[in-house]
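Student: Hi! Could you walk me through this one? I'd like to start with the pockets.

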Amino acid sequence: MSAAARVVETLVVRGATLAVAESLTGGLVAAELTGVPGASRAFRGAVTAYATDLKRDVLGVDGALLAERGAVDSEVARQMAAGVRRVLGADWGVATTGVAGPEPQDGRPVGTVYVAVAGPEGVGKVAALRLNGDRADIRKESVRSVLGLLLGELSGNARTQDTEENGGI
């Protein structure tokens with residue numbers, strides 16, 4: 001089973017929803033998820049915020065942060081994930097931002113990528129990646145990485161819920 005299928009299945013079983021904010025992946029995460037039959041039961045939608053001003057104006061990323069650090073930053077990724085979760089009314093949000101190439105951006109080398117997950121009750125995580133390969137390789141690995149990060153958070157969150165429901169056993 002693909003990572004996208006596992007994400008959709010896990011969300012459906014839990015009655016939870018997902019929204020996606022993408023920059024360097026340009027809609028590939030949403031395409032991967034919507035390629036799964038039944039994805040509409042969990043997937044709310046996506047924002048492809050390729051331009052920096054959209055990260056600020058649509059997703060609510062702090063403008064001063066963007067001016068100071070640029071769009072390729074771990075905190076930007078975190079705010080994108082939280083912003084798309086809020087804007088699209090989902091339980092979970094994920095985000096990708098980075099440099100797919102061929103040129104560096106914001107002083108960051110090609111292959112610098114940040115993926116983030118924002119969930120209910122403050123659950124969230126950001127991963128910094130240093131990827132190799134051409135533009136297509138970097139984008140594909142970014143999709144794989146953000147889905148893997150989300151699966152990890154969903155699994156961790158499920159274990160926490162199970163422990164609480166079972167009286168800490």
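Tutor: Happy to. The largest pocket holds about 190 Å³ of space. Keep in mind that this is a predicted model.

Student: Which residues lie nearest the centre of the largest pocket?

Tutor: Those are S23, L24, Y50, G98 and Q105, out of 16 residues that line the pocket.

Student: And how does that lining divide into nonpolar, polar and charged?

Tutor: Seven of the lining residues are nonpolar, six are polar and three are charged. As for elements, helix α3 (52-57) and strand β3 each supply at least two residues of the lining.

Student: OK, let's step back to the fold. How many helices and strands are there in the chain?

Tutor: The chain has six helices and five strands. Going along the sequence, they come in the order α-β-α-β-α-α-α-β-β-β-α.

Student: What about overall dimensions, what does the C-alpha trace span?

Tutor: Along its principal axes, the trace spans about 50 × 35 × 30 Å. The radius of gyration is 16 Å, which agrees with the value near 15 Å that a compact globule of 169 residues would have.

Student: How much of the chain is buried?

Tutor: Buried residues account for 44% of the 169. Looking at contacts between residues at least 6 apart in sequence, 62% of them join residues at least 24 apart.

Student: Now the inside, please. Which residues touch the most other members of the largest nonpolar core?

Tutor: V7, L11, L18, L33, W92, L147 and L150 do, in a core of 32 residues. At least two core residues come from each of α1 (3-14), β1 (18-22), α2 (28-34), β3 (92-98), β4 (112-118) and α6 (135-165).

Student: Which of those gives the most to this core?

Tutor: That's α6, with eight residues. There is also a second, separate core of 21 residues, and A49, L59, A95 and A116 are among them.

Student: Is A5 buried or exposed?

Tutor: A5 counts as buried because its relative accessible area is 17%, and the cut-off for buried is under 20%.

Student: And how far apart are A5 and L33, in sequence and in space?

Tutor: They are 28 residues apart in sequence, while their C-alpha atoms are 7.3 Å apart in space.

Definitions and conventions
Residues are numbered from 1 along each chain as its sequence is written. This is a predicted model: local features need pLDDT of at least 70, side-chain atom pairs count only at pLDDT 80 or more; totals for chains, interfaces and linings use all residues. Side-chain values use heavy atoms; hydrogens and water are left out. A nonpolar core is a set of buried Ala, Val, Leu, Ile, Met, Phe, Trp, Tyr and Cys residues joined through side-chain atoms within 4.5 Å. Buried means under 20% relative accessible area, exposed over 50%, partly exposed in between (1.4 Å probe, protein chains only). Helices (H or I, at least four residues) and strands (E, at least two) are DSSP runs, numbered from the N terminus. On a 1 Å grid over the protein atoms alone, a cavity is a set of points where a 1.4 Å probe fits but cannot get out, and a pocket is an open set with protein on both sides within 12 Å along at least five of seven lines; lining residues have an atom within 4 Å of a point. Grid points are joined across faces, edges and corners, and a volume is the space filled by probe spheres set on the points. Ala, Val, Leu, Ile, Met, Phe, Trp, Tyr, Cys and Pro count as nonpolar, Asp, Glu, Lys and Arg as charged, and the others, Gly among them, as polar. The radius of gyration is taken over C-alpha atoms; the globule rule is 2.2 Å times the number of residues to the power 0.38. Contact means heavy atoms within 4.5 Å.
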